[in-house]
Amino acid sequence: MTAATSVPATADVDPRYTVAGSSWPLTDEQREYIRIAEELGRTKFAARAERYDRDAVFPTENYDDMRDAGLLRLCVPKSHGGWGADLFTYALVSATIGKYCGATALTFNMHACSSMWPGLLADALDMTGEQRAQHEEYRSLHFRRIVEDGAIYAQPFSEGTAAAAGRAPFGTSATKVDGGWLLNGKKIFASLAGSADYYGVLCTEHKEGASVRDSMYIAVPRDTPGFSIMGDWDPLGMRGTVSRTLIFEDVFVDDNAQLMPRGVYYQAASRWPHMFMTLSPTYMGIAIAAFEFTVRYLRGEIEGMGPRVKRRMFPTKQITVAQMQIMLEQTRALFLRAFSEARVDPPKDVRLRAFAAQYTIMENANQISQLAIRTCGGQSMLKSLPLERLYRDSRCGSLMLPWTAELCLDRIGREALYEHGEGDD
């Protein structure tokens, strides 16, 4: 935590616009990590967000700032030189970043998970003594790259099939060869394309009868022969993620490239459902940002708009703000509860609440942004103001695997009506 002292103190922030509010109990470490994210967001990230969005370029400067502040090591275990943040602490920090730059928060998710999954999550899983020793050896290498070299890790998931939702094996294959693995396949919507130092690829071990149980999690260095990046990136929102297509053609990596031992990723996916909620903090942050902007706009507190005009006296606008705050409080309550109770092997009610939280956050972030645009009026369409970007970014959340809005509804409905292994007579 020594690097954090170089970050200046943050001015008091209205609790309405913080992720945890004024009453949720936080540890001293959580408060400090949030303070760092708030300071970077307010003094640096917010001013750059429009350019990253307009030009669809990766937020490299923001990552340099996070590296200098120590945030890139947020989820690396303390025993390996990191800050040792758990899933809830990560969510608080990521949502705070999301208030200021959605693309930075969404890509930070991929990097943070690359140390959280092999770290905190893996520690709670079952492994043989041999597996545990091998995992410790391999993950030490990855953690050292992050802590000592400031390396950035990506986490390409999607392939345009049911694999990312856990319903089919990954099409990208890993074949065991002497000294390592040979990877072939492709990943689409691969965030941090061209900007990450390592790509934590989810793939399937190539063998007869391979299934989702044979999933592998392997880090590919950016300069590995046979690895290439293709395609353009010109989407509706989250433009700064630069999520282009990755191609793997006989890409060889050493055995120590594994981020989890054989079979352990499938175990994690089966026993740690909250590991797939890590996209949602970004959208929690966007929801807060849209509400804060609306209140400040109606109060005439937005800088750079000429004469300050207050619009708060109109009853129609007061009613809309009330609707937005109610929706925000409902969303934040589910967000805080779901992440605070994240753990391995959660009971059914906790698992269903995770799906409900994911759905609510993704849908309500966009709904709050819509209400913000409607009540702020025509000027909110201008790209000189953040609302139209927040709206476009928020619309993307419900589409993102592995837990899209539709998949959340499907799983909530099915698991509410069926017990495990139960079918219809």
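1. Throughout this note, buried means under 20% relative accessible area, exposed means over 50%, and partly exposed means in between, with a 1.4 Å probe and protein chains only. By that rule Ser94, at 0% relative accessibility, counts as buried. This is a predicted model, in which local features need pLDDT of at least 70 and side-chain atom pairs count only at pLDDT 80 or more, while totals for chains, interfaces and linings use all residues. Residues are numbered from 1 along each chain as its sequence is written, and side-chain values use heavy atoms, with hydrogens and water left out.

2. On overall dimensions, a compact globule of 425 residues would have a radius of gyration near 22 Å, and the 21 Å of the protein chain agrees with this; the radius is taken over C-alpha atoms, and the globule rule is 2.2 Å times the number of residues to the power 0.38. Along the principal axes, the C-alpha atoms fill a box of roughly 70 × 60 × 45 Å. Buried residues make up 57% of the 425 residues.

3. The protein chain has 11 helices and eight strands, where helices (H or I, at least four residues) and strands (E, at least two) are DSSP runs numbered from the N terminus. Among contacts (heavy atoms within 4.5 Å) between residues at least 6 apart in sequence, 75% join residues at least 24 apart.

4. Ser94 lies in helix α3 (residues 87-98) and, leaving aside residues up to four places away in sequence, touches Ala105, Pro281 and Thr282. Ala354 is placed in helix α9 (residues 348-376) and counts as buried at 0% relative accessibility; with the exclusion of residues up to four places away in sequence, Ala354 touches His274, Met277, Ala338 and Trp403. The C-alpha atoms of Ala354 and Ala342, 12 residues apart along the chain, are separated by 8.4 Å.

5. Gly84, by contrast, sits in the loop between α2 (60-69) and α3, and at 37% relative accessibility it counts as partly exposed. Leu74, Val76, Pro77 and Lys78 are what Gly84 touches, not counting residues up to four places away in sequence.

6. On cysteines, a search of the whole structure finds zero disulfides, a disulfide being a pair of cysteine sulfur atoms within 2.5 Å. The sulfur of Cys113 is 7.4 Å from the closest cysteine sulfur, that of Cys75, which is too far for a bond. Cys113 is buried, with a relative accessible area of 0%, and Cys376 is likewise buried, with a relative accessible area of 5%.

7. Some backbone geometry deserves a look. Most residues other than glycine have a negative phi, and most peptide bonds are trans. A cis peptide bond, with omega about 10 degrees, joins Leu401 and Pro402, and Pro402 is found in the loop between α10 (387-395) and α11 (405-417). Asp250, a residue other than glycine, has a positive phi near 50 degrees and is found in strand β7 (residues 244-254). Asp345 also has a positive phi, of about 50 degrees, although it is not a glycine; Asp345 lies in the loop between α8 (315-340) and α9 and, at 43% relative accessibility, counts as partly exposed.
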